[in-house]
Amino acid sequence: MSEHKAVELPSYKEQSPEVSQRFAELHQRPVKLDVRNLGKTFTSSKGSIEVLRDVSFQVRRREFISVIGPSGCGKSTLIRILAGLEESTTGEFLLDGQEAFGPCAERGMVFQSYTLFPWLSVKKNVMFGLEVAGRSDPHAESEALEWIDIVGLSRFADAYPSQLSGGMKQRVAIARALANQPSILFMDEPFGALDAQTRAQMQAYLLQIWRNVDITILFVTHDLEEAIHLSDRILVLKANPGEIQEFIEVPVPRPRDPSQYLFPEFLATKHRLEELIHPHRDIEQDDLHITRMTTVGDDAE
Ligand SMILES: Nc1ncnc2c1ncn2[C@@H]1O[C@H](COP(=O)(O)OP(=O)(O)OP(=O)(O)O)[C@@H](O)[C@H]1O
Ligand SMILES: [Mg+2]
């Protein structure tokens, strides 16, 4: 008879000397983003809803931070505020020690949905921000081509968005954001619409870019493994209102690679994130409020 032994995971707080050394160094870096008691309440004719409450955290230069939390907990709102696309109701945040107002070239943003201009070629899409910033045409073109090369799309520089796959469109969106040379990049579920294989490729691309460019990244995702695979630290929010539950130091060494998904420290971190995000796994049928939408006699199943 085979014996079943429960696998003992280490604590997600346990760090190898190599990882703990990395965090010690990271804490020495200058603070890139200092978020202080940020709050957001949306008010409409139907009343007001407090989405974020008292959110405070710091991000160091060149850190990779993921933000996770249940749907509707305010992840997009938080990142939109930090990117300058939305105003907070209370609190403030400093970028490189300065109060930041409105969108600016320092801060880049990549969204989940494809936001390319369909009537412009890949090259023109990437050049767009550069031209707005006043770069002369030949200059903007050569810079755009460099970024297109970095995301591996040189052959498609003259193609139009409709001729590209989802992953390729997101690579153009990343190239377009990076072309403005932001020092901090906000990404809101940028790979959420991609299939698993393309997503894995995009993660590899992003890690490679992040290693080679002096950039700090805040990355919203629903995917716990994606958060662990990419990040130095993971900011976990809870819902109603969105408040910080925990800011976790990922104990997985760098460089990252998908074989680490089965490492004990990876599994321990995933287990902790699951505990935080889905504290009550046993959902009663009544809680789901599922009603049958089909009419009697409609047996399309
Ligand atoms: N412009 C707005 N006006 C009113 N309410 C809003 C507005 N934007 C967001 N909300 C509300 O704020 C809450 C948080 O929304 P948000 O999009 O930030 O959540 P999220 O964590 O990104 O969710 P998801 O994981 O589904 O993307 C939701 O209840 C949403 O309905
Ligand atoms: Mg969102």
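At what angle do helix 4 (residues 137–150) and helix 5 (residues 166–179) pack? The two helices pack at an angle of about 135°, and their axes lie 9 Å apart; axes are lines fitted to C-alpha atoms, for helices over the stretch in contact, and angles run from 0 to 180 degrees between N-to-C directions. Helix 4 and helix 5 are therefore oblique to each other, a term for angles that are not under 35 degrees (roughly parallel), over 145 (roughly antiparallel) or 65 to 115 (roughly perpendicular).

The model is predicted: local features need pLDDT of at least 70, side-chain atom pairs count only at pLDDT 80 or more, and totals for chains, interfaces and linings use all residues. Residues are numbered from 1 along each chain as its sequence is written, while chains are lettered from A and ligands numbered from 1 in the order in which they are written. Helices (H or I, at least four residues) and strands (E, at least two) are DSSP runs, numbered from the N terminus.

The contact between these helices is made by E143, A144, W147, I148 and I150 of helix 4 and by A175, L178 and A179 of helix 5, where contact requires C-beta atoms, placed from the backbone, to lie within 7 Å. Seven of the residues in this contact are nonpolar, none is polar and one is charged. In this classification Ala, Val, Leu, Ile, Met, Phe, Trp, Tyr, Cys and Pro are nonpolar, Asp, Glu, Lys and Arg are charged, and the others, Gly among them, are polar.

Six strands form an open, mixed sheet in the order 6-7-8-3-9-10; two strands pair if DSSP finds at least two bridges between them. Strand 6 (107–110) and strand 10 (243–249) each have a single partner strand, so one side of each is left without a neighbour in the sheet. Within the sheet, strand 7 (residues 184–188) and strand 8 (residues 216–220) run parallel and are joined by five bridges, with I184 partnered by T216 of strand 8. Helix 5 packs on the sheet, where it touches strand 6 and strand 7.

Several backbone details remain. Most residues other than glycine have a negative phi, and most peptide bonds are trans. The peptide bond from N240 to P241 is cis, with omega near -10°, and P241 lies in the loop between strand 9 (233–238) and strand 10. Q181, in the loop between helix 5 and strand 7, has a positive phi near 50°.

Conventions
Two residues are in contact if their C-beta atoms, placed from the backbone, lie within 7 Å.
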